[in-house]
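Thanks for coming. I have one structure to show today, and I will keep it short.

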Amino acid sequence: MIGGKMMVKKKWLGMVVMMSLTLILSSCSSIGVGEKRISVGGKNFTEQYILSEMTAFLLEDEGFKVKQMNNLGSTVVRKALENNQVDLMWEYTGTALITYMGQNPIADPDKTFEKVKDLDAKNNIHWMNMSKVNNTYALAMTKEKADELDIHSISDLGDYINAHPDELTIASDAEFANRKDGLPGVEEKYGFDFGAQNIKQMDIGLTQRALDKGQVDVSVAFETDATIRAYGLVTLEDDKQFFPPYRAAVSVNKEVLKKYPEVEEITGRLAEKLDSEIMRELNYKVDIEGNSVSVVAYEWLVDNGMIEE
(Lines give C-alpha, C1' and ligand atoms only; values in the text may rest on other atoms or scores of the structure.)
Protein backbone atom coordinates (compact mmCIF):
# COMPACT_ATOMS: atom_id res chain seq x y z
CA MET A 1 0.00 0.00 0.00
CA ILE A 2 2.81 2.33 0.94
CA GLY A 3 4.64 1.35 -2.23
CA GLY A 4 1.51 2.21 -4.23
CA LYS A 5 1.29 5.64 -2.62
CA MET A 6 4.95 6.28 -3.38
CA MET A 7 4.43 5.40 -7.03
CA VAL A 8 1.46 7.76 -7.25
CA LYS A 9 3.46 10.50 -5.57
CA LYS A 10 6.41 10.03 -7.95
CA LYS A 11 4.07 10.02 -10.91
CA TRP A 12 2.43 13.24 -9.67
CA LEU A 13 5.83 14.89 -9.10
CA GLY A 14 6.91 13.85 -12.58
CA MET A 15 3.81 15.48 -14.08
CA VAL A 16 4.48 18.68 -12.12
CA VAL A 17 8.09 18.77 -13.38
CA MET A 18 6.98 18.19 -16.98
CA MET A 19 4.34 20.89 -16.71
CA SER A 20 6.93 23.29 -15.25
CA LEU A 21 9.41 22.53 -18.05
CA THR A 22 6.69 23.01 -20.64
CA LEU A 23 5.83 26.41 -19.18
CA ILE A 24 9.49 27.45 -19.04
CA LEU A 25 10.18 26.38 -22.62
CA SER A 26 6.98 28.01 -23.79
CA SER A 27 7.98 31.22 -22.04
CA CYS A 28 11.48 31.09 -23.55
CA SER A 29 10.17 30.51 -27.06
CA SER A 30 7.87 33.50 -26.77
CA ILE A 31 10.65 35.90 -25.77
CA GLY A 32 11.07 38.47 -28.53
CA VAL A 33 7.89 37.47 -30.36
CA GLY A 34 6.33 40.85 -29.65
CA GLU A 35 9.60 42.74 -30.07
CA LYS A 36 9.58 45.49 -32.66
CA ARG A 37 12.67 45.34 -34.87
CA ILE A 38 13.69 47.74 -37.61
CA SER A 39 16.83 48.61 -39.57
CA VAL A 40 17.83 52.16 -40.49
CA GLY A 41 20.16 52.74 -43.42
CA GLY A 42 22.47 55.69 -44.00
CA LYS A 43 25.12 57.02 -46.37
CA ASN A 44 28.76 57.72 -45.64
CA PHE A 45 28.85 61.39 -44.68
CA THR A 46 28.21 63.36 -41.51
CA GLU A 47 24.70 64.58 -42.25
CA GLN A 48 23.51 61.03 -42.90
CA TYR A 49 25.17 59.71 -39.75
CA ILE A 50 23.31 62.35 -37.73
CA LEU A 51 19.94 61.69 -39.37
CA SER A 52 20.34 57.94 -38.88
CA GLU A 53 21.37 58.35 -35.23
CA MET A 54 18.50 60.69 -34.37
CA THR A 55 16.02 58.35 -36.04
CA ALA A 56 17.40 55.40 -34.08
CA PHE A 57 17.11 57.29 -30.78
CA LEU A 58 13.48 58.19 -31.50
CA LEU A 59 12.54 54.66 -32.53
CA GLU A 60 14.30 53.11 -29.52
CA ASP A 61 12.44 55.54 -27.29
CA GLU A 62 9.22 54.05 -28.70
CA GLY A 63 10.25 50.48 -27.96
CA PHE A 64 11.94 49.47 -31.21
CA LYS A 65 15.12 47.45 -31.37
CA VAL A 66 17.06 49.32 -34.06
CA LYS A 67 19.85 48.06 -36.27
CA GLN A 68 21.79 50.87 -37.94
CA MET A 69 23.33 50.13 -41.33
CA ASN A 70 25.11 53.34 -42.25
CA ASN A 71 28.46 54.36 -43.71
CA LEU A 72 27.25 53.00 -47.06
CA GLY A 73 27.64 54.49 -50.52
CA SER A 74 24.58 56.12 -52.01
CA THR A 75 23.80 53.42 -54.58
CA VAL A 76 24.68 50.64 -52.10
CA VAL A 77 22.20 51.75 -49.45
CA ARG A 78 19.58 52.40 -52.12
CA LYS A 79 19.96 48.81 -53.39
CA ALA A 80 19.75 47.56 -49.80
CA LEU A 81 16.42 49.38 -49.41
CA GLU A 82 15.13 47.94 -52.68
CA ASN A 83 16.20 44.43 -51.66
CA ASN A 84 14.64 44.67 -48.17
CA GLN A 85 18.04 44.55 -46.45
CA VAL A 86 17.31 48.00 -45.03
CA ASP A 87 13.85 48.98 -43.78
CA LEU A 88 14.06 52.76 -44.00
CA MET A 89 16.47 55.61 -44.63
CA TRP A 90 16.66 59.36 -45.14
CA GLU A 91 17.06 59.98 -48.86
CA TYR A 92 17.24 63.14 -50.95
CA THR A 93 14.46 63.79 -53.44
CA GLY A 94 16.81 65.13 -56.12
CA THR A 95 19.14 62.14 -55.80
CA ALA A 96 16.27 59.73 -56.22
CA LEU A 97 14.68 61.57 -59.14
CA ILE A 98 17.84 62.27 -61.14
CA THR A 99 20.29 59.54 -60.14
CA TYR A 100 18.13 56.51 -59.38
CA MET A 101 15.17 57.18 -61.64
CA GLY A 102 16.91 58.94 -64.53
CA GLN A 103 14.36 61.76 -64.67
CA ASN A 104 14.91 65.43 -65.46
CA PRO A 105 15.15 67.80 -62.46
CA ILE A 106 11.96 69.48 -61.23
CA ALA A 107 12.36 72.90 -59.62
CA ASP A 108 9.36 72.66 -57.30
CA PRO A 109 10.20 70.69 -54.09
CA ASP A 110 6.65 69.40 -53.58
CA LYS A 111 6.32 68.25 -57.19
CA THR A 112 9.71 66.53 -56.95
CA PHE A 113 8.57 64.73 -53.80
CA GLU A 114 5.29 63.62 -55.36
CA LYS A 115 7.10 62.41 -58.48
CA VAL A 116 9.58 60.20 -56.62
CA LYS A 117 6.79 58.95 -54.37
CA ASP A 118 4.78 57.94 -57.43
CA LEU A 119 7.71 56.35 -59.29
CA ASP A 120 9.01 54.44 -56.28
CA ALA A 121 5.64 52.87 -55.49
CA LYS A 122 6.40 50.15 -58.02
CA ASN A 123 9.60 49.36 -56.09
CA ASN A 124 7.54 48.76 -52.94
CA ILE A 125 9.07 51.91 -51.43
CA HIS A 126 6.97 54.61 -49.78
CA TRP A 127 8.13 58.23 -49.40
CA MET A 128 6.95 60.32 -46.44
CA ASN A 129 7.85 63.20 -44.14
CA MET A 130 9.79 65.53 -46.44
CA SER A 131 11.82 67.94 -44.32
CA LYS A 132 13.15 71.42 -45.07
CA VAL A 133 16.70 70.11 -45.13
CA ASN A 134 17.84 70.90 -48.68
CA ASN A 135 21.29 69.47 -49.44
CA THR A 136 21.51 71.08 -52.86
CA TYR A 137 24.18 73.14 -54.60
CA ALA A 138 24.60 76.79 -53.66
CA LEU A 139 26.85 79.71 -54.46
CA ALA A 140 28.51 81.23 -51.40
CA MET A 141 30.31 84.47 -50.57
CA THR A 142 31.76 85.97 -47.42
CA LYS A 143 29.20 88.11 -45.65
CA GLU A 144 31.52 91.12 -45.83
CA LYS A 145 31.98 90.83 -49.60
CA ALA A 146 28.29 90.18 -50.26
CA ASP A 147 27.31 93.22 -48.18
CA GLU A 148 30.02 95.38 -49.76
CA LEU A 149 28.86 94.59 -53.31
CA ASP A 150 25.17 94.33 -52.37
CA ILE A 151 24.96 90.79 -53.75
CA HIS A 152 22.36 88.64 -52.01
CA SER A 153 20.94 86.53 -54.84
CA ILE A 154 22.33 84.87 -57.95
CA SER A 155 20.49 87.51 -60.00
CA ASP A 156 22.43 90.18 -58.08
CA LEU A 157 25.64 88.30 -58.83
CA GLY A 158 24.80 88.12 -62.53
CA ASP A 159 24.01 91.83 -62.67
CA TYR A 160 27.29 92.69 -60.96
CA ILE A 161 29.38 90.48 -63.26
CA ASN A 162 27.72 91.94 -66.34
CA ALA A 163 28.49 95.45 -65.07
CA HIS A 164 32.04 94.54 -63.93
CA PRO A 165 33.35 91.79 -66.25
CA ASP A 166 36.44 89.86 -65.16
CA GLU A 167 36.38 91.35 -61.66
CA LEU A 168 35.05 88.37 -59.67
CA THR A 169 36.48 84.85 -59.47
CA ILE A 170 34.83 81.59 -58.38
CA ALA A 171 36.19 78.42 -56.78
CA SER A 172 34.64 75.24 -58.17
CA ASP A 173 35.38 71.57 -58.47
CA ALA A 174 35.79 70.24 -62.02
CA GLU A 175 32.40 68.53 -62.04
CA PHE A 176 30.37 71.62 -61.12
CA ALA A 177 32.46 73.80 -63.46
CA ASN A 178 31.59 71.69 -66.50
CA ARG A 179 28.22 70.04 -65.94
CA LYS A 180 25.12 71.41 -67.59
CA ASP A 181 23.33 71.35 -64.23
CA GLY A 182 26.33 73.11 -62.66
CA LEU A 183 27.99 76.45 -63.42
CA PRO A 184 27.32 76.50 -67.20
CA GLY A 185 23.62 76.02 -66.49
CA VAL A 186 23.63 78.73 -63.81
CA GLU A 187 25.28 81.19 -66.20
CA GLU A 188 22.79 80.37 -68.95
CA LYS A 189 19.77 80.62 -66.63
CA TYR A 190 20.84 83.93 -65.09
CA GLY A 191 22.44 85.46 -68.17
CA PHE A 192 26.07 86.07 -67.18
CA ASP A 193 29.53 84.58 -67.75
CA PHE A 194 32.39 84.40 -65.26
CA GLY A 195 34.84 83.72 -68.06
CA ALA A 196 37.05 80.61 -68.09
CA GLN A 197 40.02 82.53 -66.72
CA ASN A 198 38.04 83.47 -63.60
CA ILE A 199 37.03 79.92 -62.68
CA LYS A 200 39.54 78.42 -60.24
CA GLN A 201 39.12 74.64 -60.25
CA MET A 202 40.00 72.67 -57.12
CA ASP A 203 38.78 69.83 -54.92
CA ILE A 204 35.28 70.47 -53.55
CA GLY A 205 36.65 70.31 -50.02
CA LEU A 206 38.91 73.30 -50.68
CA THR A 207 36.48 75.72 -52.31
CA GLN A 208 35.13 77.36 -49.14
CA ARG A 209 38.62 77.52 -47.66
CA ALA A 210 39.81 79.43 -50.73
CA LEU A 211 36.87 81.78 -50.30
CA ASP A 212 37.64 82.30 -46.63
CA LYS A 213 41.29 83.11 -47.41
CA GLY A 214 40.27 85.72 -49.97
CA GLN A 215 41.69 83.77 -52.91
CA VAL A 216 38.33 83.92 -54.73
CA ASP A 217 35.14 85.95 -54.44
CA VAL A 218 32.52 83.21 -54.88
CA SER A 219 32.50 79.48 -54.14
CA VAL A 220 30.39 76.50 -54.98
CA ALA A 221 28.96 74.89 -51.83
CA PHE A 222 26.20 72.69 -50.53
CA GLU A 223 23.41 74.27 -48.51
CA THR A 224 24.09 72.25 -45.39
CA ASP A 225 27.92 72.43 -45.44
CA ALA A 226 29.44 72.93 -42.00
CA THR A 227 32.08 75.19 -43.53
CA ILE A 228 29.44 77.80 -44.34
CA ARG A 229 28.94 78.17 -40.60
CA ALA A 230 32.66 77.78 -39.81
CA TYR A 231 33.80 80.54 -42.16
CA GLY A 232 30.81 82.84 -41.66
CA LEU A 233 29.72 82.59 -45.28
CA VAL A 234 26.35 83.39 -46.83
CA THR A 235 24.61 81.48 -49.61
CA LEU A 236 23.09 83.47 -52.44
CA GLU A 237 19.37 83.08 -53.00
CA ASP A 238 18.61 80.93 -56.04
CA ASP A 239 15.79 83.30 -56.97
CA LYS A 240 15.13 81.67 -60.36
CA GLN A 241 15.16 78.19 -58.81
CA PHE A 242 17.88 76.71 -61.01
CA PHE A 243 19.26 74.15 -58.58
CA PRO A 244 16.94 71.16 -58.17
CA PRO A 245 15.70 70.48 -54.63
CA TYR A 246 17.50 67.80 -52.67
CA ARG A 247 15.12 67.62 -49.73
CA ALA A 248 15.75 64.97 -47.09
CA ALA A 249 12.73 62.69 -46.68
CA VAL A 250 12.04 59.22 -45.32
CA SER A 251 11.86 56.34 -47.78
CA VAL A 252 10.60 53.12 -46.25
CA ASN A 253 9.75 49.60 -47.30
CA LYS A 254 5.95 49.41 -47.69
CA GLU A 255 5.62 46.12 -45.83
CA VAL A 256 7.58 47.50 -42.90
CA LEU A 257 5.33 50.57 -42.77
CA LYS A 258 2.27 48.34 -42.92
CA LYS A 259 3.62 46.33 -39.99
CA TYR A 260 4.66 49.42 -38.00
CA PRO A 261 2.46 52.34 -39.15
CA GLU A 262 3.59 54.38 -36.12
CA VAL A 263 6.97 54.86 -37.82
CA GLU A 264 5.44 57.58 -40.00
CA GLU A 265 4.41 59.66 -36.98
CA ILE A 266 7.70 59.04 -35.15
CA THR A 267 9.93 60.13 -38.03
CA GLY A 268 7.48 62.93 -38.82
CA ARG A 269 8.39 64.63 -35.54
CA LEU A 270 11.96 64.93 -36.78
CA ALA A 271 11.02 66.08 -40.28
CA GLU A 272 8.85 68.86 -38.86
CA LYS A 273 11.69 70.44 -36.89
CA LEU A 274 14.68 70.08 -39.22
CA ASP A 275 15.75 72.60 -41.85
CA SER A 276 18.98 73.42 -43.70
CA GLU A 277 20.19 75.91 -41.09
CA ILE A 278 19.71 73.45 -38.22
CA MET A 279 21.35 70.68 -40.22
CA ARG A 280 24.30 72.92 -41.02
CA GLU A 281 24.71 73.67 -37.30
CA LEU A 282 24.60 69.97 -36.41
CA ASN A 283 27.15 69.16 -39.12
CA TYR A 284 29.33 71.95 -37.71
CA LYS A 285 29.26 70.44 -34.22
CA VAL A 286 30.58 67.17 -35.63
CA ASP A 287 32.89 68.24 -38.46
CA ILE A 288 34.38 71.42 -37.00
CA GLU A 289 34.03 71.09 -33.23
CA GLY A 290 34.83 67.38 -33.25
CA ASN A 291 31.88 66.15 -31.18
CA SER A 292 30.66 62.60 -31.66
CA VAL A 293 27.62 61.98 -33.83
CA SER A 294 25.78 60.22 -30.99
CA VAL A 295 26.30 63.09 -28.55
CA VAL A 296 25.22 65.73 -31.06
CA ALA A 297 22.12 63.76 -32.09
CA TYR A 298 21.10 62.91 -28.51
CA GLU A 299 21.60 66.43 -27.12
CA TRP A 300 19.62 68.02 -29.94
CA LEU A 301 16.70 65.63 -29.41
CA VAL A 302 16.73 66.31 -25.65
CA ASP A 303 17.02 70.09 -26.12
CA ASN A 304 14.04 70.02 -28.46
CA GLY A 305 11.88 67.94 -26.13
CA MET A 306 11.77 64.91 -28.42
CA ILE A 307 13.22 62.47 -25.92
CA GLU A 308 13.83 62.67 -22.18
CA GLU A 309 17.35 62.84 -20.82
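First, the ground rules. This is a predicted model, in which local features need pLDDT of at least 70 and side-chain atom pairs count only at pLDDT 80 or more, while totals for chains, interfaces and linings use all residues. Residues are numbered from 1 along each chain as its sequence is written, and side-chain values use heavy atoms, with hydrogens and water left out.

Helices (H or I, at least four residues) and strands (E, at least two) are DSSP runs, numbered from the N terminus.

Start with strand 10, residues 248-253. Six of its six residues are buried, meaning under 20% relative accessible area with a 1.4 Å probe, protein chains only. In a regular strand the side chains alternate between the two faces of the sheet. Here Ala248, Val250 and Val252 point one way, and Ala249, Ser251 and Asn253 the other.

What does strand 10 pair with? Pairing requires at least two DSSP bridges between two strands. Strand 3 (residues 88-92) runs antiparallel to strand 10, with five bridges. Strand 4 (residues 125-128) is also antiparallel to strand 10, with four bridges. Val250 is the bridge partner of Trp90 and also of Met128.

Now the helices. The axes of helix 2 (residues 46-61) and helix 13 (residues 262-273) come within 10 Å and cross at roughly 130°. Axes are lines fitted to C-alpha atoms over the stretch in contact, and angles run from 0 to 180 degrees between N-to-C directions. Met54, Thr55, Leu58 and Leu59 of helix 2 meet Val263, Ile266, Thr267 and Leu270 of helix 13, with contact meaning heavy atoms within 4.5 Å.

Notes
Buried means under 20% relative accessible area, exposed over 50%, partly exposed in between (1.4 Å probe, protein chains only).
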